[in-house]
Amino acid sequence: MNWKPALATMKPYKPGRSIEDVQKEFDLEKIVKLASNENPYGCAPSVRKLLMDSGVQVEMYPETSAPPLKTKLAQKLGVDETNVILGNGSDDLITIICRALLNRDTNTLMPTPSFPQYAHNAKIEGAEVREIPLTDGQHDLDRFLNEIDSSTAVIWICSPNNPTGDLISSERLKKFLDSVPPAILTVLDEAYYEYITEASYENPIEWLSEYPNLMILRTFSKAYGLASFRVGYGIASTEVISELNKIRNPFNTSSLSLLVAEHALADQAFIDECRSANAKQRKRFEQFAEKHNLHINPSEANFVLIEVPMDANEAADKLLQKGYIVRSGNLLGTPNRIRVTIGSEEQNNGFFKAFETLMTNRG
Ligand SMILES: *Cc1c(COP(=O)(O)O)cnc(C)c1O
C-alpha cells in the first residue's frame with residue numbers, strides 16, 4: 001500500500017504502564033499510578049451516581065452538533081455556541097486542526113519538550129515540524145516569532161506545559177499574540193487550566209474578540225477525572241470553528257460521554273476542591289525537592305518534573321519496583337528528571353518514602 005512517507009519514521013503512542021501489568025511483574029500488593037496526570041480524587045459524586053442509571057438511548061446516534069453540553073459550556077465560558085467545538089478528547093481536536101491546515105507546503109511551530117501529539121499529527125499531514133526548545137523551562141516566544149515565515153500555518157503553545165508544568169505569564173502571551181500574523185492559527189493548549197492558581201493569570205477566552213486566529217483547547221480528562229470518556233473542547237472564532245466542523249467526524253463523542261461531561265461541568269465545587277487539594281500537595285513536592293536539593297520546575301499543573309539522583313530510566317524502574325508508576329524524562333526529552341502526577345496526600349506520603357530510598361543509595 002501507498003502509506004504516507006511520514007509513517008515510516010513514526011511509532012504508535014506508548015502509554016504508561018498499567019497497574020495490572022506492574023502488579024503481575026513485581027508481585028506487589030499496592031500499586032500507585034502517578035504517570036498519566038489522571039485525577040487521584042476520581043470524578044464528581046453526581047457523575048458516579050449518574051453512571052448507575054444513565055437513561056442513555058443506546059440505539060440512537062448521539063446529538064453531537066448542538067448537545068446540551070455545548071450549550072452549557074458556552075454559557076459557562078461566556079461565548080456563543082458557534083465558538084465551541086467538541087472532540088473525542090482534545091487529542092481529536094489536535095488531529096482535526098492538523099487535517100484542516102497542514103500539508104507538505106506548510107510548517108508548524110511548537111515547543112519541545114511538550115505534548116507529542118502536535119508533532120505526531122503534523123508529520124502525518126507531511127508538514128515541516130519546527131520544534132523550539134524551551135529555555136530555562138519556558139517557551140522561547142521570541143524564537144517562535146523568528147521562525148515564522150510565509151508557510152507557517154499553525155503555532156502550538158502549551159500552558160501549563162506538559163511535561164514541565166510551566167505557565168506562560170498572561171502578559172508575555174498577549175505580547176506574543178500581538179506579533180503573530182493573523183493568518184496563522186495559534187493553538188493554546190490548556191489541558192491543565194483547572195489547576196492554575198497563579199493570581200496574575202488572565203482567562204484567554206476574554207481575548208478571543210481581539211485575536212480571531214486564537215484557539216484554546218481544554219479537556220474533561222484531567223481535573224474533571226473523566227479521561228476514559230474522551231471529551232475535550234476547543235474555543236475559537238466562529239470562522240475557525242465552522243471550518244474545523246467540516247473535518248470533525250459527525251459522531252465523534254458518545255451520548256454517555258456527553259451526558260457525563262454535562263454533569264461534571266455542573267459540579268464546580270468538586271473542581272475547586274481538586275484545585276486546592278492539588279495546590280497543597282504540589283507545595284509538598286516543592287518542599288521535598290528543596291529538602292533534598294533536587295531541581296524542580298515551578299508547576300501550575302497536577303504534575304511536577306523533578307530531578308532524580310541517577311539516570312531517569314533507572315530511577316523510574318526503582319520506583320516501579322516499589323509500586324509507583326511515573327514517567328521517565330528520558331522519553332520526554334528531559335533526561336535526569338521524572339514526571340510525577342501529584343497524587344492524594346496518602347499516595348504522596350508513600351511516594352516520598354519510596355523516593356527517599358533512591359537518595360540513600362546515592363553515589
Ligand atoms: C492530557 C493532555 C491532552 C489530551 O487530553 P485528552 O482530552 O484526553 O485527549 C492534551 N494536551 C495536553 C498538554 C495534555 O497533557
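1. How many cavities of 30 Å³ or more does the structure hold? There are 4, where a cavity is a set of points on a 1 Å grid over the protein atoms alone at which a 1.4 Å probe fits but cannot get out.

2. This is a predicted model, in which local features need pLDDT of at least 70 and side-chain atom pairs count only at pLDDT 80 or more, while totals for chains, interfaces and linings use all residues. Residues are numbered from 1 along each chain as its sequence is written, and side-chain values use heavy atoms, with hydrogens and water left out.

3. The largest cavity holds about 50 Å³ of space, and its lining (residues with an atom within 4 Å of a point) includes S159, L167, E190, Y201 and W207. By class, this lining has 7 nonpolar, 2 polar and 2 charged residues.

4. In helix α7 (residues 170-179), S170, L173, F176 and L177 are buried, that is, under 20% relative accessible area with a 1.4 Å probe and protein chains only. Seen down the axis of α7, these buried residues fall within an arc of 125°, so they line one face of the helix. On the other side of α7, E171, K175 and D178 are exposed, meaning over 50%.

Terms used: On a 1 Å grid over the protein atoms alone, a cavity is a set of points where a 1.4 Å probe fits but cannot get out, and a pocket is an open set with protein on both sides within 12 Å along at least five of seven lines; lining residues have an atom within 4 Å of a point. Grid points are joined across faces, edges and corners, and a volume is the space filled by probe spheres set on the points. Ala, Val, Leu, Ile, Met, Phe, Trp, Tyr, Cys and Pro count as nonpolar, Asp, Glu, Lys and Arg as charged, and the others, Gly among them, as polar. Helices (H or I, at least four residues) and strands (E, at least two) are DSSP runs, numbered from the N terminus. The arc is that of the directions from the helix axis to the C-beta atoms.
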